Amino acid sequence: MTWRQATRDEVYAYYTEEFPKYVDQLPSFVTHTAPKEFGISFRERHPIRKSKRPDRDFIRRPTWRTTSDGEPVSQNFSDFEELVSFIQSPARYDPFQGSEYALADPDLLEKSDPISDGVYYGLDNWDRPWILAIDIDAKDIATARAERELDETDLEIQSADASRDDALLAESEIRDADPRGYPYSFEDIDRAIEYGFETRDLFTEVFAAEETMVIYSGQGVHVYLLDDDLEYGYDEKSREVLNDLLLERFEIPIDPVVTADRSRLLRVPYSLHADVCRVVQPIESPAFDPRTGARPQFLETERELTHD
């Protein structure tokens, strides 16, 4: 079984026809005013209005305009519909309209309106403390597996610019396994999902957490601990301790930067991971199968047409 990248038309159709149906299911910390910012990645770089500035393949947009002291004074998105319009057509509905840093108007360019290849929200939040999230990526698991299976000293790196991780994956058979061409196999995604639920269980058993969530991210999982920590507020120091606990004591291959960096962005639940044509969404069991689960409607339609 192989995966593929969603086409431009499919991405636009998803955010126009499918994503709005999920708005009422979004976690309470993802609203048009709660995260301090949203981010959008583009498949192709798009210019901004200011001349002689590089084109952008990723932008961040705050949910509030603030004073010089960081106090919110006015909303950039008046309601969730405005945010959805921005996701559907980032250049046409850029909240930075009037600023020289706004995306250039596609009507004035030869190139088309950029599409939202990825949609992200900031863990730093106006309505509640900094969101505590753990990121577990299938590529990290695949790289560690390649290290165990290969003698790194025998690797033949084809380019001086090739990274160590890419060299490991290139020399292993991981890229040739399904989903073919990706820097991991389904085996690694399955293991990431298992680690995610192991992490959730640790939150419940060790931290007596009552509110947790596991999100399938498309190429791994995000695990949330959403209880209020009245003693520490999950500050920087407590997050460092948590990272050490998960990495060293329980040997769970998390990305510690995500836990510790309050400016970090994660994929919005129910957004589309366009690189793999899968919907980012909460899952309830390690038995979740990414091969068949989280499929957007355009893939279901494609399968029906193929079977017909």
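How many nonpolar, polar and charged residues does the lining of the largest cavity have, by class? The lining has five nonpolar, two polar and no charged residues. Here Ala, Val, Leu, Ile, Met, Phe, Trp, Tyr, Cys and Pro count as nonpolar, Asp, Glu, Lys and Arg as charged, and the others, Gly among them, as polar.

The model is predicted: local features need pLDDT of at least 70, side-chain atom pairs count only at pLDDT 80 or more, and totals for chains, interfaces and linings use all residues. Residues are numbered from 1 along each chain as its sequence is written, and side-chain values use heavy atoms, with hydrogens and water left out.

The protein has eight helices and twelve strands. These elements are DSSP runs numbered from the N terminus, with helices (H or I) of at least four residues and strands (E) of at least two. The C-alpha atoms fill a box of roughly 55 × 55 × 45 Å along the principal axes. A compact globule of 308 residues would have a radius of gyration near 19 Å, and the 20 Å of the protein agrees with this. The radius is taken over C-alpha atoms, and the globule rule is 2.2 Å times the number of residues to the power 0.38. Buried residues make up 48% of the 308 residues. Buried means under 20% relative accessible area, exposed means over 50%, and partly exposed lies in between (1.4 Å probe, protein chains only).

The structure holds one cavity of 30 Å³ or more. The volume of the largest cavity is about 30 Å³. A cavity is a set of points, on a 1 Å grid over the protein atoms alone, where a 1.4 Å probe fits but cannot get out; a pocket is an open set with protein on both sides within 12 Å along at least five of seven lines; lining residues have an atom within 4 Å of a point. Grid points are joined across faces, edges and corners, and a volume is the space filled by probe spheres set on the points. The cavity is lined by Val11, Tyr12, Tyr15, Ile87, Gln88, Ile115 and Ser116. Helix H1 (8–22) and helix H2 (80–88) each give two or more of these residues. H1 gives the most, with three.

The largest pocket holds about 300 Å³ of space. Its lining has 15 residues, and Tyr120, Asp135, Asp137, His222 and Arg267 lie nearest the centre. Strands S6 (132–137), S8 (220–225) and S9 (265–267) each give two or more residues to this lining. By class, the pocket lining has five nonpolar, five polar and five charged residues.

The largest nonpolar core has 79 residues. Such a core is a set of buried Ala, Val, Leu, Ile, Met, Phe, Trp, Tyr and Cys residues joined through side-chain atoms within 4.5 Å. Phe19, Tyr121, Ile136 and Tyr224 have the most contacts inside the core. Helix H5 (residues 186–206) gives the most to this core, with eight residues.

Pro253 lies in the loop between H6 and H7. Pro253 is partly exposed, at 24% relative accessible area. Apart from residues up to four places away, Pro253 touches Asp135, Ile136, Ile141, Tyr195 and Leu247. Its C-alpha is 46 Å from that of Leu108, 145 residues away in sequence.

Glu251 also sits in the loop between helix H6 (236–249) and helix H7 (256–260). Its phi is near 55°, a positive value in a residue other than glycine. Glu251 is exposed, with a relative accessible area of 59%. Cys277 has a positive phi of about 55° as well, although it is not a glycine. Cys277 is buried, at 1% relative accessibility. Its place is the loop between strand S10 (272–273) and strand S11 (278–279).

The peptide bond from Asp178 to Pro179 is cis, with omega near 0°. Pro179 lies in the loop between helix H4 (164–171) and H5.

How values were computed. Contact means heavy atoms within 4.5 Å.
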